Amino acid sequence: MSGLYTLMVVTLLSVIALCVTGLALFKKTKEVEKLKNKVVLSEAREKLIENEFQALMELINQKTRELEDQRNMTFHASKMSALGQMAGGIAHEINNPLTIIMATIRRVKLLMQRDELDQESFLKFCENLETKSARISRIIEGLRVISREASGEDFKPAILNNIIEDVLALCEEKFRMHSVDLQMDYENTDFHTSINCQRSQLSQVFWNLLENSFDAIINLPDKWIRIEAKRINEHIEIRFIDSGKKLSEELQEKVFQPFFTTKEVGKGTGLGLSLSLAILKNHQGDLFIDQESSNTCFVVKLPVKTV
Ligand SMILES: Nc1ncnc2c1ncn2[C@@H]1O[C@H](COP(=O)(O)OP(=O)(O)OP(=O)(O)O)[C@@H](O)[C@H]1O
Ligand SMILES: [Mg+2]
């Protein structure tokens, strides 16, 4: 009897234990289910965030593309205006040697008709014709380089002096006609430094700096522009100094801003310096104003080409 009783109690206890375990299992299953739901929910949230991030990235890319397009358009517009201004100047540059060529030919013809042309003078006339033709061809070469399509222009090694000479060929005559003394120390070996560059882009930077100086000093009694080159370790600093007084702090803050100009309407777009700065940054270089100089001095900083 007591055995049966014990069996009943054990069975009862087992049933109770089974129920408790079942209950605990049920609770755990519920908890797991809840957790599962939570995971699903957070996965959905993650997906949502990911989608939003993708959309945002797409928007950023689109805006970057739009900005790039705008930059190219602005650049193109400024270049067209610069080329327009340049065309007027070029006429002067070419006209002068051309006038001399024509006068020389006329003289040679006249002397020949009179039978007064000896061999020595004939050779002298020819030399003169050669130098003047070479001058025109330099001007055309400079024009060709500076107006070359910029987009996709390759970075190639070039000698600094050659780039500056291309640009000077386009404005030397104008400077001479307006009694602007152009000072450049051609013997300075740093001018013969090789740089890795987009040549036409760099020509435009130099041309803009020279034009800016010319415009700034044209009405001064003392008119000079000096170009200096100094190599400092792995960089070269090219200084464009003019006879104008150092820019006021207020002006210095503004000159690199796009569209800032003090020039009359139709003369300046106010983009020259900001685009020059962008070009130089693209060359891992820089453009800044020398604070030490008492005259206006813009410094172009470029890395030199190391083999
Ligand atoms: N050498 C300088 N001396 C005095 N002021 C200068 C000199 N260079 C630049 N500036 C000032 O900075 C302004 C901006 O120059 P920037 O080259 O950007 O434009 P811009 O010459 O006016 O027009 P753009 O170059 O587009 O034809 C000029 O209008 C001028 O006021
Ligand atoms: Mg300018």
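1. Start at leucine 210. Setting aside neighbours within four places in sequence, leucine 210 is in contact with Val167, Cys171, Ile225 and Phe240. Contact here means that the C-beta atoms of two residues, placed from the backbone, lie within 7 Å.

2. A word on the source. This is a predicted model, in which local features need pLDDT of at least 70 and side-chain atom pairs count only at pLDDT 80 or more, while totals for chains, interfaces and linings use all residues. Residues are numbered from 1 along each chain as its sequence is written, and chains are lettered from A and ligands numbered from 1 in the order in which they are written.

3. Now the core. The largest nonpolar core has 38 residues, and Leu170, Phe206 and Leu210 touch the most other members. Such a core is a set of buried Ala, Val, Leu, Ile, Met, Phe, Trp, Tyr and Cys residues joined through C-beta atoms within 7 Å. Elements that each supply at least two residues of this core include α2 (119-146), α3 (160-177), α4 and β5. Helices (H or I, at least four residues) and strands (E, at least two) are DSSP runs, numbered from the N terminus. In soluble globular proteins, nonpolar side chains tend to be buried together.

4. Next, glutamate 93. This residue lies in helix α1 (residues 2-113). Why is glutamate 93 counted as buried? Because glutamate 93 has 25 C-beta neighbours inside 10 Å; the cut-off for buried is 20 or more other C-beta atoms within 10 Å, with C-beta atoms placed from the backbone. Residues up to four places away in sequence aside, glutamate 93 touches Ile139, Leu170, Glu173 and Lys174. Its C-alpha atom is separated by 9.9 Å from that of phenylalanine 175, 82 residues apart along the chain.

5. Look at the ligand. Ligand 1 is surrounded by 21 residues, the closest being Asn212, Ala216, Thr261, Gly268 and Gly272. A residue counts as near if its C-beta atom, placed from the backbone, lies within 6 Å. Helix α4 gives the most to this shell, with four residues. The shell divides into six nonpolar, 13 polar and two charged residues. Ala, Val, Leu, Ile, Met, Phe, Trp, Tyr, Cys and Pro count as nonpolar, Asp, Glu, Lys and Arg as charged, and the others, Gly among them, as polar.

6. Last, the strands. β5 and β7 run antiparallel, joined by eight bridges. Strands pair if DSSP finds at least two bridges between them. Isoleucine 241 stands opposite cysteine 297 in β7. β6 (residues 286-289) also pairs with β7 in the antiparallel sense, over four bridges. There, isoleucine 289 stands opposite phenylalanine 298. β6 and β7 form a hairpin, with five residues between them.

Conventions
A residue is buried if 20 or more other C-beta atoms lie within 10 Å of its own, exposed if 12 or fewer, and partly exposed in between; C-beta atoms are placed from the backbone.
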